[in-house]
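I opened this notebook to record what I looked up, step by step.

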Amino acid sequence: MKLLLIEDVPPLAELTREALETEGFTVDHAANVESARAILSVAPPDVIVLDLGLPDGDGLDLLHGLRNAGKAIPVLVVTARAGLNDRIDGLDRGADDYMVKPAAPAEIAARCRALLRRPGGLLGRKLQLGNLAFDTASRSVTAAGRPLVLARREIDVLEVLLRKLGQSVPRRVIEDAIYTLDEAPGPNALEASVSRLRRQLADAGANVEIHTIRGIGYLITEAGGA
Amino acid sequence: MSRSLVTTLIRRLLLAGGLLTLLNIVFVTAYYSSDPEGLRREKVSHQIDRLAEALKAGPDGRLAFRPSERLMDTFTRYPDAYAFRIEDHAGAVLGEANGSLVPAESWRVPNGPDAWWSDVQVNGRSVLVGSRRANVAGETVRIAFAAAGDPSNLLLFVYFDELFVHVIVSLLPFAICLMIVNAVTVRQSLRSLVHAADAARKAGPSHGIAALPTRGLPTEVLILVEAINDALRRLGEALEAERAFTAEAAHALRTPLAVLSARIETLPKSSEIDAVRADIVALRRLVNQLLSAAQADTLVVDPVRQCDLAAVAEGVVSAMAPLAIREGRGLALEGVAPVMVRGDADGIAHALRNLVENALRFSPPGEEVLVRVTEPGLLAVLDRGPGIPDEQKPLVTKRFWRASASDLGGTGLGLAIVQRIAEAHGSALDIRDRHDGGTVISLQFLPASSG
């Protein structure tokens with residue numbers, strides 16, 4: 001995966017670059033807006049890690065220009081200037097995710113992978129969590145290497161949860177994704193699907209856990225809370 | 001306790017008016033006391049006036065004396081003190097009472113001057129006799145009045161009569177008019193000042209620093225208001241500078257921390273490195289909380305800004321649920337429906353994050369932290385922690401306060417930040433014991449619909 005790291009502080013850029021390369025990314029580095037634009041024009045990356053405070057301009061303007069040009073490259077904003085209001089600012093202007101410095105390189109890598117896992121993202125074909133694997137093309141699931149046969153609804157629920165790995169997924173987002181407009185789900189239909197999915201995953205020995213967040217929705221993690 | 005300037009001025013002017021009226025009464029009293037002889041003469045004259053009023057022309061054109069009972073009362077009650085005698089131009093008696101009080105000759109001075117008075121000694125008593133010629137219905141009459149002593153206090157009556165004429169009739173309407181004019185003038189003159197005060201009152205804690213209006217202010221007040229506006233402007237600049245400094249400090253502190261954090265990751269894994277990593281996490285948290293505290297201090301909530309409390313809560317619970325699960329606790333939201341309040345969504349979200357973090361830290365593993373949003377504009381976080389003793393409840397919002405020295409998880413800033421954000425919304429942190437164990441911390445916001 002090709003990653004463009006836009007960061008102006010030399011030691012931080014160097015250390016982050018090394019860490020991201022260890023995580024398996026191919027990293028290009030730009031220390032200012034100008035060189036970032038140059039790299040974007042000749043070698044567009046798969047994902048961008050963007051520091052907002054740059055010596056020759058504001059990272060948000062760069063992001064804005066990118067979105068205006070119709071480029072949908074996922075962008076993870078990393079900034080030291082987080083205030084009570086900056087966060088919304090960044091997301092409103094086209095950032096896909098947001099982190100406040102100091103962010104551990106491992107976490108930056110994890111977030112980038114999450115961005116790439118989104119529908120349309122390059123990692124979207126194969127979703128993996130613990131010993132559970134989900135192939136989005138064939139819609140087949142394996143647990144501990146053995147195929148797992150699930151009903152269509154349960155597969156849909158599992159896909160939505162895995163695509164939003166590490167995040168709470170609101171129940172209406174899941175419902176929107178698994179029911180068509182004609183299928184008005186009953187009040188407990190989703191609960192029933194999740195409950196069946198949990199039982200089947202446990203029976204198959206998958207080391208994942210689906211947590212209920214009352215009032216919000218569901219969240220999938222590797223079992224043992226990791 | 002401060003009083004309204006308008007009220008004070010009007011009250012003082014009324015007091016001054018009242019005092020002047022009183023002074024006038026004292027003055028009139030002193031004037032008449034200094035001239036007892038004049039007052040006595042006035043008494044006689046007054047009685048003669050009253051007797052003259054009782055003279056009416058009859059149907060035959062002749063004068064007749066028809067006194068009222070009230071007039072005669074004085075003479076019937078004190079026969080040896082008061083007397084009168086009325087004669088027409090021919091000397092015929094038209095009316096008389098107690099005529100024997102003075103010797104007959106004392107009454108008769110038919111050709112004397114128009115008015116006279118004298119003291120006559122009768123049986124060792126001094127009797128004042130006064131007489132006056134009067135013209136009633138074309139007839140000339142002479143009315144005489146005599147008084148030995150003053151058992152009926154006629155003198156006092158005369159005095160009050162004088163007082164009535166000189167103070168009540170002439171001065172009081174004028175004084176009342178003057179007081180009304182005073183009150184209206186004071187109100188009118190200070191109206192611009194009252195408007196300026198209203199503008200200042202509206203500029204509450206959440207309304208930021210706005211200059212007071214100077215239009216229509218009198219010079220003396222204008223100087224004061226301009227001085228205040230100047231001070232406000234400098235205060236605003238200082239606040240802006242502090243905000244800018246906070247942002248710069250955030251950058252200056254976080255960047256080296258990020259470098260340190262990244263460098264640690266390159267070192268080979270060991271228990272020492274894990275300890276250093278944990279220290280960096282704590283340091284990062286402290287830096288973030290310090291910056292949050294500084295930002296919360298300068299938070300100004302636009303009074304027209306509104307947000308959906310339920311949406312804010314949903315966002316925060318959603319975002320923090322992974323953290324709660326990682327730490328083996330539950331997190332739940334109750335009461336999801338639009339609850340529109342006046343407030344800053346980012347500020348409220350920040351406050352709620354701090355409350356949830358706090359609740360998660362003090363909750364036993366396996367327990368659930370509950371965020372509840374209810375009408376009208378109430379946001380509450382309920383935990384199953386050990387609870388906060390009553391004597392500590394007022395202390396927890398103090399900066400750097402911790403329940404115990406061993407409480408290393410927190411920075412001691414979380415609830416102080418929440419309190420400050422609550423204040424910026426005109427609210428306050430409410431801490432109560434949960435009835436079945438734990439703590440309920442709630443924030444009340446103003447519903448968006450009100451005003």
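**Entry 1, domains.** I note at the outset that the model is predicted. I looked up the domain assignment of chain A and found domain 1 (2-117) and domain 2 (124-222). The centres of these two domains, taken over C-alpha atoms, are 30 Å apart.

**Entry 2, a sheet in chain A.** I then examined an open sheet of three strands, whose order is β12-β14-β13 in chain A, with antiparallel pairing. Its edge strands are β12 (169-170) and β13 (208-213) of chain A. I recorded six bridges between β13(A) and β14 (residues 217-222) of chain A. Within this sheet, E209(A) stands opposite T221(A) of β14(A). Helix α6 (residues 152-163) of chain A packs on the sheet and touches β12, β13 and β14 of chain A. Helix α8 (residues 189-203) of chain A also packs there, touching β13 and β14 of chain A; the direction of this helix makes about 155° with that of β13(A).

I asked how many residues each chain gives to the contact. Chain B gives 36 residues and chain A gives 30 residues. Together the chains bury about 2900 Å², of which 60% lies on carbon and sulfur atoms. On the side of chain B, H251(B), R254(B) and I325(B) lose the most area to chain A.

I found three salt bridges across the interface of chain B and chain A. One of them joins E368(B) to R214(A), with the closest N and O atoms 2.6 Å apart. The largest share of the side of chain B that touches chain A comes from α7(B), with 14 residues.

Methods
Residues numbered from 1 in each chain as written. Chains lettered and ligands numbered in written order. Predicted model: local features only at pLDDT ≥ 70, side-chain atom pairs only at ≥ 80, totals over all residues. Heavy atoms only, no water. Domains from an automatic or database assignment. Pairing = 2+ DSSP bridges. Helix = DSSP H or I, 4+ residues; strand = E, 2+ residues; numbered from the N terminus. Contact = heavy atoms within 4.5 Å. Axes fitted to C-alpha atoms, helices over the stretch in contact; angles between N-to-C directions. Buried area = accessible area lost by both parts, 1.4 Å probe. Salt bridge = Lys/Arg side-chain N within 4 Å of Asp/Glu carboxyl O.
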